[in-house]
Amino acid sequence: MIVGVPKESFPGERRVALVPMVVPSLTKAGWEVVVEAGAGVEAGYPDEGYIEKGARLLPSRAEVFKAADVVIQVLCYGSNDQTGQADLPFLDRDHCLVGFLRPLGSFETLQQLAATGVTAFAVELMPRITRAQSMDALSSMATICGYKAVLLAADRLPRMFPMLTTAAGTITPARVFVIGAGVAGLQAISTARRLGAVASAYDMRPAAKEQVQSLGGRFVELPVEAADAEDSRGYARAQNETFYQRQRELLGRVVEESDVVITAAVIPGKKPPVLVTSKMVQSMAPGSVIVDLAAERGGNCELTRAGEHVVEYRVTIIGTINLASSVPYHSSQMYARNLTAFLLHLVKEGKLQLNLDDEILQETLVTREGEVVNPRVREFHGLPAVTAHQ
Ligand SMILES: NC(=O)c1ccc[n+]([C@@H]2O[C@H](COP(=O)([O-])OP(=O)(O)OC[C@H]3O[C@@H](n4cnc5c(N)ncnc54)[C@H](O)[C@@H]3O)[C@@H](O)[C@H]2O)c1
């Protein structure tokens, strides 16, 4: 069994799907690891590191795909909508592919992938069960994004974060408000607190209150209750426009009083709700900063422009996308550990075994034998279920 690691091809992407430190645990389980030369350089992992740990280097992308039984990537075709298509001719029925596939994105893209015959697994669909916790790449990347969002805000804000008592007087701490206390939001709270800010957060899932408080943040309660706020997988459920309208009205005051607002309120597969309006931005003090972690899918702030920093009403709105790639050393390390756990799960007695009755494989499998087979993905795209695919 050979696992292949091509260099990421999305423009500006600095992560790599596998780092040298995980190679020994894979080889011990019977995997051979092949890596495209230079694949880890941008993330801080030079070629020698892979060789030292027992991986084999191959000079080109085509050779990696040719040699591998399982190809692992960070951004596969699907999440890489710019250069990912170029990988299609390398894939066939004998390949497995594992990575971010954006399964609730373009169905046409998934069909193109399926047409190659590849058996593709989307890490976004990893079930949130204890057994799969070590494979949860979405949480790993969200952790990095939450951390980096606070650093971007701190860098841009014309104030300091901590409270200081100095001979030149007292400096009051920055007030950071996080909207959406999922994994990214909670990490933003921790990071803001470590920098000395006063952090508060709001989430429509009542379960978030305790988590925010356990990190030393203040939970902002709004007199508006979401209907059936959380689904069985722990994700928030989309609400109607009346609910969002009420949220905006109630959030106005808190936003106005904050120096930094970090928005991370998303619903899987849906456009994020607009929770910070242009009027709310206008009410903030000059120099305030908004970091919109939902920017890539449209943003939680009305004035966000994906991939850009904009200044409106003297407030900076940061819509940087792919923040995880800007901390490539650790995001690659975390991702590599997640994928290693997944790869080790595919191996029984030194052999690759795709037990499609297993919940982890069942939920993450997207394409197989020419078809998009995942029931959740098919339902999302309005297609009937396929019959047994084993
Ligand atoms: N293995 C596991 O059990 C596991 C793994 C990861 C996360 N989780 C938990 O799942 C929950 C969701 O985390 P996530 O990072 O996947 O979330 P996410 O990235 O899907 O969404 C971010 C947050 O935005 C919130 N949100 C959405 N719409 C909102 C709105 N209109 N107003 C306010 N908030 C809104 C959601 O409730 C969520 O907390 C968290 O409690 C997290 O700790 C569990």
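## Ligand shell and open sheet

In the side chain of Arg 205, an N or O atom lies 2.8 Å from an oxygen atom of the ligand. The model is a predicted one, in which local features need pLDDT of at least 70 and side-chain atom pairs count only at pLDDT 80 or more, while totals for chains, interfaces and linings use all residues. Residues are numbered from 1 along each chain as its sequence is written, and side-chain values use heavy atoms, with hydrogens and water left out.

| Side chain | Ligand atom | Distance |
|---|---|---|
| Arg 128 | oxygen | 2.4 Å |
| Asp 203 | oxygen | 2.6 Å |

On its own the ligand has 830 Å² of accessible area (Shrake-Rupley method, 1.4 Å probe), and the protein covers 85% of that.

The ligand is surrounded by 24 residues (a heavy atom within 4 Å). Arg 128, Val 183, Asp 203, Arg 205 and Gln 247 are the closest. By class, this shell holds 13 nonpolar, 7 polar and 4 charged residues, with Gly counted as polar and with Asp, Glu, Lys and Arg as charged.

An open sheet of 8 strands (DSSP E runs of at least two residues) has mixed pairing and runs in the order E3-E2-E1-E4-E5-E6-E18-E19. Its edges are E3 (56-58) and E19 (371-372), each with a single partner strand, so one side of each has no neighbour in the sheet. Strand E1 (residues 2-5) pairs with E2 (residues 32-36) in the parallel sense over 4 bridges; pairing requires at least two bridges found by DSSP. Val 5 is placed opposite Val 35 in E2.

Notes:
Polar contact = N/O pair within 3.5 Å; in protein donor to acceptor, adjacent residues only side chain to side chain.
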